[in-house]
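Visitor: I would like to learn how to read a few features of a protein model. Please show me the case first, then take me through it.

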Amino acid sequence: MSFDRAFELLIGLEGGYVNDPNDPGGETKFGISKRAYPALDIVSLTAVDAKRVYRRDYWEFVSGDALPWPLSYFVFDAAVNQGVAPAIRMLQQALGVEADGIVGPQTLAAVGRFPQSEVCSLFLALRGVRYAGTHGFKHYGLGWFKRLFLALWDAKT
């Protein structure tokens, strides 16, 4: 599995254009928000443009190509939805290594030391705990947990 598959699954979760007044990201398309990318014309953003942004600013930062599937997808999705540094720290916490927010040799070496089912399960549990402590949980929590379970389900297909 690769970035292309991860992107395909992510776009299925993120959808098209929205401008939810309750979302602090504001205007959003394909999951890319005006708040995070103020210079982008969100309305005119294409899927091709979004794919470039996701590869450069998320997939590469979490070292998606160096992680096994489906862990690579789970960490990528967390980076998009919960932030790059928090996603990496959750990965590191699941692996029991120093949570410095940088995927380096120590993190990558630890990935192979544990059964992937354990690492993925713990990583997804950590995501759920983080969601539960997020300001918008009351409004968006059910959708965020749905996202976790869909990610798990979709990664198997």
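Guide: Start with a pair of side chains. Glu8 and Arg5 meet in a salt bridge, 2.7 Å from N to O. The term means a side-chain nitrogen of Lys or Arg within 4 Å of a carboxyl oxygen of Asp or Glu. This is a predicted model, where local features need pLDDT of at least 70 and side-chain atom pairs count only at pLDDT 80 or more, while totals for chains, interfaces and linings use all residues. Residues are numbered from 1 along each chain as its sequence is written, and side-chain values use heavy atoms, with hydrogens and water left out.

Visitor: What is the general idea behind such pairs?

Guide: Side chains of opposite charge can pair when their charged atoms come close. Here, Glu8 and Arg5 are 3 residues apart in helix 1, so about one helical turn separates them. Helices (H or I, at least four residues) and strands (E, at least two) are DSSP runs, numbered from the N terminus.

Visitor: Is Arg5 buried or exposed?

Guide: Arg5 counts as buried, at 18% relative accessibility. Buried means under 20% relative accessible area, exposed over 50%, and partly exposed in between, with a 1.4 Å probe and protein chains only.

Visitor: How many salt bridges does the structure hold?

Guide: It holds 6. One of them joins the side chains of Asp4 and Lys51, at 2.8 Å from N to O. Asp4 lies in helix 1 and Lys51 in helix 2, so this pair ties together parts 47 residues apart in sequence. Asp4 is partly exposed at 42% relative accessibility. Lys51 is partly exposed too, at 27%.

Visitor: Which residue meets Arg147 in a salt bridge?

Guide: Asp77, at 2.6 Å from N to O. The pair links distant parts of the chain: Arg147 is in helix 7 (residues 137–155) and Asp77 in helix 3, 70 residues apart. Both Arg147 and Asp77 are buried. Shared partners join Asp77, Arg127 and Arg147 into one salt-bridge network.

Visitor: Now helix packing. How is it described?

Guide: Two packed helices are described by the angle between their axes and the distance between the axes. Axes are lines fitted to C-alpha atoms, for helices over the stretch in contact, and angles run from 0 to 180 degrees between N-to-C directions. The axes of helix 1 (residues 3–14) and helix 3 come within 10 Å and cross at roughly 45°. That makes helix 1 oblique to helix 3. Under 35 degrees counts as roughly parallel, over 145 as roughly antiparallel, 65 to 115 as roughly perpendicular, and the rest as oblique.

Visitor: At what angle do helix 2 and helix 3 pack?

Guide: About 100°, with their axes 10 Å apart. They are therefore roughly perpendicular to each other. Tyr54, Tyr58 and Trp59 of helix 2 make the contact with Ser72, Phe76, Ala79 and Val80 of helix 3. Contact means heavy atoms within 4.5 Å.

Visitor: Last topic: the backbone. What should I expect?

Guide: Most residues other than glycine have a negative phi, and most peptide bonds are trans. Phe30 is not a glycine, yet has a positive phi of about 55°. Phe30 sits in the loop between strand 1 (28–29) and strand 2 (32–33). It counts as buried, at 14% relative accessibility. Ser63 also has a positive phi, near 55°.

Visitor: Which residues does a cis peptide bond join?

Guide: Trp69 and Pro70, with omega about 10°. Pro70 is in the loop between helix 2 (47–59) and helix 3 (71–82). Ser63 lies in the loop between helix 2 and helix 3.
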